[in-house]
Amino acid sequence: MSGWHSQSVREVLDGLGTDGQKGLTRQEAAQRLERYGPNTLEQGKRRSMALRLLDQLRDPMILVLLGAAGLSLLVSGGEDWLDAAIILLIVVVNAAISISQEDGAQRALEALRRMSAPKAKVIREGTVVLVPAEELVPGDLVVLEAGDLVPADGRILESTALRCDESAMTGESVPVSKGAGEVLGEDTPLADRSNMVVGATVVTAGHALCAVTATGMNSEVGHIAGMLLLQEQGETPLQKKMAEVSGTLSFVCLCVCGVMFGVGLLFHKPVFEMFMTAVSLAVAAIPEGLPAIVTIVLAMGVQRMVNRHAIVKRLPAVETLGCAGVICSDKTGTLTQNRMKVVDLWTLRPGQRKLALEIGALCSDVHVERGSRGEAVYTGDPTEIALVELALGEGVDKNVWEETRPRRGEVPFDSERKLMSTVHARPEGGFRVLVKGAPDVLLRRCKIGGEEKQRILSANEGMARRALRVLGLAYRDLELMPRECSSAVLEQGLTFVGLAGMMDPPRAEVKEAVGRCYRAGIRPVMITGDHKLTAVAVAKELDIFQPGDLALTGEDLDFMPQEMLESDVEQFSVFARVSPEHKMRIVKAWQKRGKVVAMTGDGVNDAPALKAADIGCAMGVTGTDVAKGAADMILTDDNFATIVAAVEEGRGIYANIKKAIHYLLSCNIGEILTIFLATLFQFRQMPLLPVQLLWLNLVTDALPALALGVEPVEEGMMDRKPRDAHASLFDRAFSFSLAWQGAMVGLLTLTAYFLGEYVLSDPLTASATANTMAFATLTFCQLFHAFDVRSETESLFHIGLFSNPSMNKAFLVGALMQLAVLCMPPLQMIFKTVPLGATEWAAVLALALTPLVVCELTKALRRHKRRGSAKERTAASQKSRETVSAGKHR
């Protein structure tokens, strides 16, 4: 739409080559349709199911699992088909779930196409005809009326009381007045182009004749569709971490194979036998159920988020919020209530409040009905609804008053006049003219003294400083009904009554949510299409705008290079009057600073930024289908506080996935170490048989790991800074914990084997007893170890032994299954176990409980050390303050 708003009506018609009265000829319209193409949006190429499935199989973790399945079949000669089948089933389920979560951009574009008006009233060859909207071309004359969906971008040629709801495209919170009016500057932002209409917006009042200036992909909505097509979906932090886990496991497998093969050659073992043993160990190192567990944990997180008013479309996006460092939020409806409310009603003279309420209620086109529960239901302009609602709350019922004071005439609101007037019959006889509108315009129509005028101007400035939308209220009494209801007749010699200051008030719960953001190390930023003064006022009230912060407008951004924005973006808490391109620039600037960015939005204009952000959050109530299609998450209550709650849930989900990985890998390290050391020291037999290892993975891997996935969010989760999305999962502390805990489990298993072989059992049954004790110890060791992993720092008794019922059930099921194998004769034959005596059982339980005891002691020492460090920091801070104080007194 570039340039048309800065040209006069005559220049626009000449530039478009169209007649302002007759429009285009049918022949010219057909030629232009051939030249410019249909008024539709391009569709992105839909990838085939085969290609999408191939994308899933390229995932590093899936490749590792497929390799493990192949090696398992190779080593067993095809006999161990069950393990391979389970792995393949996991791969198929993961692919199916992931594919079902895709196509966000396609849904967004389909929604954009649905927003195109199916028909449009067009003047061609001097006649009004109804044509499909897709056949509109630049130069067509379109007739618009209240309720119409604007079919294309256009320059207004003539209009009467035209108002359009452009919130979907500009973020403007209330319908805006439009008119052919003045020629605007070239750099006028889209939201301020009052002489233009924008495709995909709605006419709320009045009527107009417009010349189409842009259609299809050349229109403003087409420009947004183009940005959606170009914007690629990046990997989430969790997907990157899982790729890292896959790479680490692949490296570990190769190392295990190499070391085992080398040890075998050192002891002159048969080459093929050692190769097979090495491959078996490598397969054992892979936690086959990990991808499924991660998927199930994410899916359960999605279900929990539904209860917190958030619908997540892509599973990995659940966790992405957990490492969000910036939340870029729209103002209207998310931070505010998305309704106008009168917060200040000022009257010039005492005792005029009821008169002011009468003017506000009767000089409006609002319809008031009663709902099913008797509540008032308002239909009309949000500004007028605010006045009528206030009046009703103070006893001035519009419907009742209109019965005794019926409307006899009116002069509708006009964007050039900036006033609205109605004439009502009075119960006592005569007529009263009620007028509301812009205070500065209204004052010029009033009979008023200089002192009173100063009081009015002072009150108006006070409200303006508070960023309130201000309307002046006035009246005039007449003995006779005027012959003509016109501005010249009615809007003269008025008596000024007062000022109504209104705003879209902040949501009550948002201020607390903003405070939680700061405590959690998250920066809240307001990005809005509203005016700068209004945005800053709301941001200050919500503590988003802090002392020293700055606000930036879209016009400022136009002159700011991207490099400067990236270096200075942390200085700005409010961005006002911004376009879709500005929003994307802001998101990318924060991402350049290394932040994970969450972005909220509800309009068509928000869609590109929602897709560009690490996680896009669309409004479920007021949001357009386009925004919902481009977003990763939909807020069903349109509430900023819901985003903060979702951040907490996301952090908990990541912590739980990390616990599951910790548990599975430390247990697998224990298994590998057991077999490795037995091979290294040439035991008479392996401590664990292949069938026992398979059973062990079934009993100890799935259920405890899933139980860790539903662990309640730990206390203080929102008092920590966001984790670094680029930091390695396998940092020094995590790797050290995996190593020493896995080593402990392996050594305890070998200790059980040693006790069974040489100390506690009869020499005739020593080998079977040793094997059974090692099998039992390793299984119970891992089941008890699951309780250790529930928290890295807090004691099991502090978080509550029964605070995670799923873990208790998983332990109980696993223990009963293992006891069945150890105690039931038919299963003893299958798993090669023998009955254990009381002494052997005591040894098994003592060894199995050892990780629990050792980990609790380690956590206690860590907490003691942390408290000591905190005391030292407090003492140092106190000493520093005393030094500064002493220096001041010298």
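The residue F754 belongs to helix α29, which covers residues 732–758. The model is a predicted one.

**A buried loop residue**

- T528 sits in the loop that connects β18 (523–527) with α20 (532–541).
- The relative accessibility of T528 is 0%, and the residue therefore counts as buried.
- Apart from neighbours within four places in sequence, T528 has contacts with D330, K331, A535, F575, A576, R577 and V578.

**The sheet of 8 strands**

- An open sheet with mixed pairing is formed by 8 strands, in the order β8-β23-β22-β21-β9-β18-β20-β19.
- The edges are held by β8 (310–312) and β19 (550–553); each has a single partner strand, so one side of each has no neighbour in the sheet.
- On average, neighbouring strands of this sheet are turned by 20° against each other, direction ignored.
- A551 has V574 in β20 as its bridge partner.
- Helix α20 packs on this sheet and touches β18, β19 and β20, its direction making about 145° with that of β20.
- Helix α11 (residues 290–307) lies across β8 and β23 (633–635) and runs at about 155° to β8.

**The sheet of 6 strands**

- A further open sheet has 6 strands in the order β10-β17-β16-β15-β14-β13, and its pairing is antiparallel.
- Its edge strands are β10 (341–347) and β13 (407–411); each has a single partner strand, which means that one side of each is left without a neighbour in the sheet.
- Neighbouring strands here are turned by 20° against each other on average, direction ignored.
- Within this sheet, β14 (residues 419–425) and β15 (residues 431–437) run antiparallel and are joined by 7 bridges.
- L419 stands opposite G437 in β15.
- Helix α13 (residues 353–362) packs on the sheet, where it touches β10, β13, β14, β15, β16 (469–478) and β17 (495–503); the direction of α13 makes about 80° with that of β15.
- Helix α17 (residues 450–465) lies across β10, β16 and β17, and runs at about 5° to β17.

Terms used: Residues are numbered from 1 along each chain as its sequence is written. This is a predicted model: local features need pLDDT of at least 70, side-chain atom pairs count only at pLDDT 80 or more; totals for chains, interfaces and linings use all residues. Side-chain values use heavy atoms; hydrogens and water are left out. Helices (H or I, at least four residues) and strands (E, at least two) are DSSP runs, numbered from the N terminus. Buried means under 20% relative accessible area, exposed over 50%, partly exposed in between (1.4 Å probe, protein chains only). Contact means heavy atoms within 4.5 Å. Two strands pair if DSSP finds at least two bridges between them. Axes are lines fitted to C-alpha atoms, for helices over the stretch in contact, and angles run from 0 to 180 degrees between N-to-C directions.
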